[in-house]
Amino acid sequence: MTRTLALELAVQDPAGVRIAAEIGAARVELATALALGGLTPSPGTVELALAAAADGPEVHVLIRPRAGDFHYDADELAVAERDVRHAIAAGAAGVVIGVLDAAGRLDREAVARLRDAAGGAPVTLHRAIDVTADPVATLRTARELGLRRVLTSGGASAAIDGIDTLRALVAAAEGAIEVMAGSGVDVASAPVLAETGIDALHFSAKRTVVAEGGVRMGSASDGVGGYEVTDRDIAVAIRDALAGRDR
């Protein structure tokens, strides 16, 4: 019998939450700036996403104070801790975090601080695990810290390229912490990844909307720049590709 696989959709707005509900996703990871790997969404975005979720998917809020690496200074950690508290107080089901130390290992103290700020709500370790030297050792640390799950591409840019490490992570988890695969998941790779024994599959199903404009804004190379939205057709296609495993 094919095991049930939880789906998590990475979204940036209430529209994305509604698409997640339509495809039967168990959760959404709510963020902004997915083109940068995701940053903490605004309080207004959290509020409206929760309203859109209603009886649908759980909303788990990404807590990432800036783009770049995952080694944060005292001010950035203070911001992250407050963002965790605000997200949970607003009604989020959980948070998604990740902090590394100066040597590139999981920062036990900082992660414990953010875990505690969540007040017992489920905490997911995000893809900071994928830039550590030993993802399997990092998973074991996350397990010891009592985190609920890890989101990982198996240390590769795309999850399908880290499939051997994903299998090793599933084995190391021993059912005590969930392993959720994500990054570059599409119709072709989703069923293959599902067969590794992972507990959940994370994907964004996004497309880029290009804004036309002749005046350059910030560092965007194409004028005002583009932005990404959740594409319903892509999300449905990935769900259906996974459903095809049962046929």
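# Briefing: Leu201 and the fold around it

Leaving aside its neighbours within four places in sequence, Leu201 is in contact with Leu5, Ala6, Leu7, Glu8, Met180, Ala181, Val185, Ala190, Leu193 and Leu242. Together with Leu139, Leu201 has the most contacts inside the largest nonpolar core, a set of 67 residues. The model is predicted. Its chain contains 8 helices and 10 strands.

**The nonpolar cores**

- The largest nonpolar core holds 67 residues, and helix H4 (residues 108-117) gives the most to this core, with 5 residues.
- Apart from this core lies another one, of 5 residues, among them Ala10, Leu34, Leu62 and Val96.

**The chain as a whole**

- A compact globule with 247 residues would have a radius of gyration near 18 Å, and the chain, at 17 Å, agrees with that value.
- Taken along the principal axes, the box filled by the C-alpha atoms is roughly 55 × 50 × 35 Å.
- Of the 247 residues in the chain, 51% are buried.
- When contacts between residues at least 6 apart in sequence are considered, 64% of them join residues at least 24 apart.
- The chain exposes about 11,300 Å², and carbon and sulfur atoms supply 50% of this area.
- There are 24 positive and 34 negative side chains, and the centres of these two sets lie 2 Å apart.

- Helix H1 spans residues 14-22, and its buried residues are Pro14, Gly16, Val17, Ile19 and Ala20.
- The cover over the buried residues of H1 includes strand E1 (6-11), strand E2 (27-30), helix H2 (43-53), strand E10 (226-230) and helix H8 (232-243).
- Gly24 follows H1 and has a positive phi, near 80 degrees.

- Helix H6 covers residues 163-173, with Ile163, Leu166, Leu169, Ala172 and Ala173 as its buried residues.
- An α-helix has 3.6 residues a turn, so residues three or four places apart point the same way.
- Among the elements that cover the buried residues of H6 are helix H5 (135-144), strand E6 (149-152), strand E7 (178-182) and H7.
- Just after H6, Glu174 takes a positive phi of about 50 degrees.

**Helix H7 and Ser189**

- Ser189 lies in helix H7, which comprises residues 189-194.
- Ser189 counts as buried because its relative accessibility is 6%, and the cut-off for buried is under 20%.
- Leaving aside neighbours within four places in sequence, Ser189 is in contact with Ile160 and Gly184.

**Two loop residues with positive phi**

- Ala54 is not a glycine, yet it has a positive phi of about 45 degrees.
- Ala54 is found in the loop between H2 and strand E3 (58-62).
- With a relative accessibility of 61%, Ala54 counts as exposed, since the cut-off for exposed is over 50%.
- Ser183 is likewise not a glycine, and its positive phi is about 110 degrees.
- Ser183 is found in the loop between E7 and H7.
- Ser183 counts as buried because its relative accessibility is 18%, and the limit for buried is under 20%.

Notes. Residues numbered from 1 in each chain as written. Predicted model: local features only at pLDDT ≥ 70, side-chain atom pairs only at ≥ 80, totals over all residues. Heavy atoms only, no water. Helix = DSSP H or I, 4+ residues; strand = E, 2+ residues; numbered from the N terminus. Buried < 20%, exposed > 50% of the residue type's maximum accessible area, 1.4 Å probe, protein only. Contact = heavy atoms within 4.5 Å. Core = buried A, V, L, I, M, F, W, Y, C linked by side-chain atoms within 4.5 Å. Rg over C-alpha atoms; globule rule 2.2 N^0.38 Å. Areas by Shrake-Rupley, 256 points an atom, 1.4 Å probe, with all protein chains shown as cover. Lys, Arg positive; Asp, Glu negative; His and termini not counted. Charge placed at Lys NZ, Arg CZ, Asp CG, Glu CD.
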